[in-house]
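Keep the sequence and the structure in view while reading.

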Amino acid sequence: RIAAGVALLLVGFGGGRLYDQWRASRHTSEAVSDNENVASAQTIKKVLAFEPTQQTSASERIQAVQQSYELTQVDQDITQLLINTLNFDANVNVRLAACQALARFENETGVREALIQSLTIQSDPNVQLALIDILVAIKEKRAANEIRRLAQNQEALDVVRLKAEEGLTQLIGNQKSPS
């Protein structure tokens with residue numbers, strides 16, 4: 001009985017120690033993850049900031065945009081930098097990457113409105129097509145006017161106009177209720 005009592009006491013003590021170590025390592029990994037998020041966010045902000053003295057390559061800017069996928073939480077600064085990158089970056093590939101990144105943050109404040117407004121700004125067909133796809137996928141009915149404008153724009157490429165018409169049909173075409 002004494003041996004069983006001592007064994008039970010040792011198992012309980014050992015289990016308690018293992019549990020404490022597990023909790024400590026879990027807390028440490030959460031802290032490391034939070035620190036990585038902060039560092040990643042700072043890197044994104046540094047690379048995507050539009051400062052005249054800063055010269056970054058398109059691949060560095062794309063990589064910074066891709067780092068936003070790793071963030072568990074984004075702040076208003078990150079989303080605003082992605083919006084600015086979508087609207088004003090000189091490289092179309094960087095703008096496309098920012099567009100796709102913003103699609104992930106569709107529920108963040110101002111992102112949907114920014115995507116709609118970007119449709120009026122963008123002149124590159126690839127970015128226009130991506131914006132139409134995203135706005136239709138998130139079922140943003142407020143974009144119907146801008147998509148209609150693009151569908152009627154004779155200066156837009158045929159593929160863009162066709163995609164806009166198709167997107168418009170998907171957004172508002174199915175609103176009619178059966179009689």
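## Helix H8

In this predicted model, the buried residues of H8 are Val 160, Arg 161, Ala 164, Gly 167, Leu 168 and Leu 171. Viewed down the axis of H8, these buried residues fall within an arc of 125°, so they line one face of the helix. An α-helix has 3.6 residues a turn, so residues three or four places apart point the same way.

What do the buried residues of H8 pack against? They pack against H6 and H7. The face of H8 turned away from the buried side carries Asp 158 and Leu 162, which are exposed.

## Helix H3

H3 has 13 residues, which at 1.5 Å a residue should span 18 Å; the end C-alpha atoms are 18 Å apart, in agreement. Buried residues in H3 include Ile 78, Leu 81, Leu 82 and Leu 86. Thr 79, Thr 85 and Asn 87 of H3 are buried as well.

## The nonpolar core

The largest nonpolar core has 38 residues, and Leu 86 and Leu 115 have the most contacts inside it. Helices H3, H4, H5, H6, H7 and H8 each supply at least two residues of this core. The largest share, eight residues, comes from H6.

Notes. Residues are numbered from 1 along each chain as its sequence is written. This is a predicted model: local features need pLDDT of at least 70, side-chain atom pairs count only at pLDDT 80 or more; totals for chains, interfaces and linings use all residues. Side-chain values use heavy atoms; hydrogens and water are left out. A nonpolar core is a set of buried Ala, Val, Leu, Ile, Met, Phe, Trp, Tyr and Cys residues joined through side-chain atoms within 4.5 Å. Buried means under 20% relative accessible area, exposed over 50%, partly exposed in between (1.4 Å probe, protein chains only). Helices (H or I, at least four residues) and strands (E, at least two) are DSSP runs, numbered from the N terminus. The arc is that of the directions from the helix axis to the C-beta atoms. Contact means heavy atoms within 4.5 Å. The expected span of a helix is 1.5 Å times one less than its number of residues.
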